[in-house]
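Colleague: I'd like to learn how to read a model like this one. Could we go through it feature by feature?

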Amino acid sequence: MNGIPRRSSVSRGIYLLPNLFTTAALFAGCYAILAAMDADFTRAAVAVFVAMVLDGVDGRIARLTHTQTRFGAEYDSMADMVSFGVAPALVLYLWALNGLGQLGWVATFFYIAATALRLARFNIKAGVSDKRFFQGLPSPSAAAVLMGMVWVWHDLGVSGEILAIPAFVLAVLAGLAMVSNVTYFSFKDVDFRNRVPFFALLAMVFAVMLTALDPAKVLWTGFVLYALSGPAWVLHRWRRKRLLRAERACRERAAAHIDAAKNRD
């Protein structure tokens, strides 16, 4: 009846399985912060990558089991803020940016704020945007770019203080990429139940082998290339439009010359 308030989905209970993975991703982000405070930057970076895997699993499980809820979406967003906003920013700050003084904490705050803005924009456009594309660099990918840098160079024995300026630039660029209007492929339209060419399976095996040989360098390279794919696609579309305009102008000039020749005749 209209006079009786409807009970919220939270009061009726929540689905355990997808939210369990979300909680695990949140735990991984928290662990990354604690590991960085103990100067264990390799484990901190790996924990953020683990959170990224868990974040991808919880959404897919919710869709497969038809357990998608508003509560789950909000909880996932809050966990993402910690795992891909606060955690990577603090890890990068403790590893490299703290030697820059005010510039270091300004870059840290900028990255955290950009993550919050990115997630807020994603939430309000979730029901109307094209599922095949992301507007702005996804926060897990931005976090992977930062943590990949920490993982690779820390394993090589290079101090973060030496790379403070490159880390500052990377943090600012990652934040700008998240809040930009650059489009990125989401890969959500990939259907793993369909048949694929045999070459695709070989490529997947080769990718797994490379990752197993040197996960830090392979993962960092992969996410850096993905971060660059958005601007590269924008540049490609701009050049294509420029070529089309040039071709159209050439055709119009040729048509004008033909018309002028006909008028002279």
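Colleague: Among contacts between residues at least 6 apart in sequence, what share joins residues at least 24 apart?

Modeller: The share is 82% in this protein. Keep in mind that the model is predicted.

Colleague: How many helices and strands does the protein have?

Modeller: There are eight helices and two strands. Read from the N terminus, the order is α-α-α-α-β-α-α-β-α-α.

Colleague: What percentage of the 265 residues is buried?

Modeller: Buried residues account for 33% of the 265.

Colleague: Now the core. What is the general idea?

Modeller: In soluble globular proteins, nonpolar side chains tend to be buried together. Here, the largest nonpolar core holds 54 residues. V91, L92, W95, Y111, L137 and M147 have the most contacts inside it.

Colleague: Which helices each supply at least two residues of this core?

Modeller: They are α1 (16-37), α2 (41-64), α3, α4 (102-124), α5 (139-155), α6 (164-179) and α8 (215-264). The biggest contribution comes from α5, with ten residues.

Colleague: How far does α3 reach from its first C-alpha to its last?

Modeller: It reaches 36 Å. The helix covers residues 70-95, which is 26 residues. At 1.5 Å a residue, 38 Å is expected, and the value found is close to that.

Colleague: On to charges. How should I read a salt bridge?

Modeller: Side chains of opposite charge can pair when their charged atoms come close. The cut-off here is 4 Å between nitrogen and carboxyl oxygen. By that rule the count is three.

Colleague: Which residue pairs with E74 in a salt bridge?

Modeller: R70 does, at 3.2 Å from N to O. E74 and R70 lie about one helical turn apart, because they are four residues apart in helix α3. E74 is partly exposed, at 30% relative accessible area. R70 is exposed, at 64%.

Colleague: How far apart are the closest N and O atoms of D40 and R43?

Modeller: They are 3.5 Å apart, in a salt bridge. D40 is partly exposed, with 28% relative accessible area. R43 counts as exposed, at 52%.

Colleague: With which residue does D214 form a salt bridge?

Modeller: With K217, and the closest N and O atoms are 3.1 Å apart. D214 is partly exposed at 26%. K217 is partly exposed too, at 37%.

Colleague: Last, a loop residue. Is T67 buried or exposed?

Modeller: T67 has 12% relative accessibility, so it counts as buried; the cut-off is under 20%. T67 sits in the loop between α2 and α3.

Colleague: What does the side chain of T67 make a polar contact with?

Modeller: The side chain of T65, at 2.8 Å. Leaving aside neighbours within four places in sequence, T67 is also in contact with Y15, P18, I61 and A62.

Note on methods: Residues numbered from 1 in each chain as written. Predicted model: local features only at pLDDT ≥ 70, side-chain atom pairs only at ≥ 80, totals over all residues. Heavy atoms only, no water. Expected span 1.5 Å × (residues − 1). Core = buried A, V, L, I, M, F, W, Y, C linked by side-chain atoms within 4.5 Å. Buried < 20%, exposed > 50% of the residue type's maximum accessible area, 1.4 Å probe, protein only. Salt bridge = Lys/Arg side-chain N within 4 Å of Asp/Glu carboxyl O. Polar contact = N/O pair within 3.5 Å; in protein donor to acceptor, adjacent residues only side chain to side chain. Contact = heavy atoms within 4.5 Å.
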